[in-house]
Amino acid sequence: MRNIKFVRLDEAESTNDYLRQHVKDNDEKNICVAITENQTAGRGAGTNKWESEPGQNLTFSILIHPNHIHPSEQFLISMAISNAITRMVANLQWHQNAQLPCRVKWPNDVYIGDKKICGILIENTLSNNNIKNCIIGVGLNVNQTEFFSDAPNPASLKHFLGRDLDKEDVLAHILDNFEMQMVSIDHGQEMSVREEYAESLYRKEGFHKYKDKNGEFEASIERIDDDGHLVLCDRDGKMRRYGFKEVEFVIRK
C-alpha cells in the first residue's frame, strides 16, 4: 500500500499546476494528492476549461511516479483512474438501489447516460524512456446543481441521486479504487485493467455518430489499442484509428 500525503488548499488556480510547481519528487511508492475547494482556472484537455462551483465538487490531482510503466503503455494510467471512478459510482448505485449506468467516454471522460460528470487531465514527465512524474487531475461534479458555462452536457452525482454526497467519502473510495488498479498493474495484471475499462466504455455496443476532419459518420467501437488509440468500424466495414482529439463523439443535447 502506498502512503498518501494530502495537500489541502482553500483556493488554487489548478491543482495540477500546484503539484508541478510546489511538490518535489517524492518516493516512487508514495502518492501526493492536492485538493482544493475552489479551483479558479481548472483545465481540461487542450484549451478546455473546467467549471466547478466552490465547495460543491471534487477538484484534485494525484502525483505518482510510475517509472515501471513504459511510455508506450502510459494509457494504462488513464484506464486505472477511469476505472476507479466508475467503480465508485457503481458502489453508490448499489447502496442507493438506483440505476446509474456509469461509462467512460474515450479517452477518459466519465458519463452517466449522455451527461458528463467527470473530466480527467493526465500530464506525464518522461526521463530516460521512463515516466518520471505523472499528475492526474480530476474534476468530479458531486453536489453542484446549476452549470453556467457553455459545456454541452454537464451533470453531477446529486442530479442522479437526489441528495448531497459526502465529498471526503467519495474521494476516499476513488483513491482506494485507484490504488487497487495500480497494484494490478504493478503485479503484471494489466489485462484486467484493460478489460474493465473496455467493459465500461460509453457506446461500447452498436453504431453511433462521430465526427472527424472529413465530417460526420456512423461507426461502432472495435477496440482500444494498447497505446490508447480508438479504433472504429464504420458502416462500410472500414477500420478508422484515431488518436486523442482526432475524432468527436456526436452527442445529442
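Author: The face of H5 turned away from its buried side carries Met 191 and Glu 195, which are exposed (over 50% relative accessible area, 1.4 Å probe, protein chains only; buried is under 20%, partly exposed in between). Helices here are DSSP runs of H or I with at least four residues, strands are runs of E with at least two, both numbered from the N terminus. The model is predicted: local features need pLDDT of at least 70, side-chain atom pairs count only at pLDDT 80 or more, and totals for chains, interfaces and linings use all residues. Residues are numbered from 1 along each chain as its sequence is written, and side-chain values use heavy atoms, with hydrogens and water left out.

H5 spans residues 190-199, and its buried residues are Val 193, Arg 194, Glu 196 and Tyr 197. These four lie on the same side of H5 because they cover an arc of only 165° around the axis, taken from the directions from the helix axis to the C-beta atoms.

Helix H1 (residues 15-22) can be read in the same way. Its buried residues are Thr 15, Asn 16 and Leu 19. They fall within an arc of 115° seen down the axis, so they line one face of H1. Gln 21 and His 22 are exposed on the other side of H1. The buried residues of H1 pack against strands E2 (30-36), E3 (58-64), E6 (115-127) and E7 (130-140), where contact means heavy atoms within 4.5 Å.
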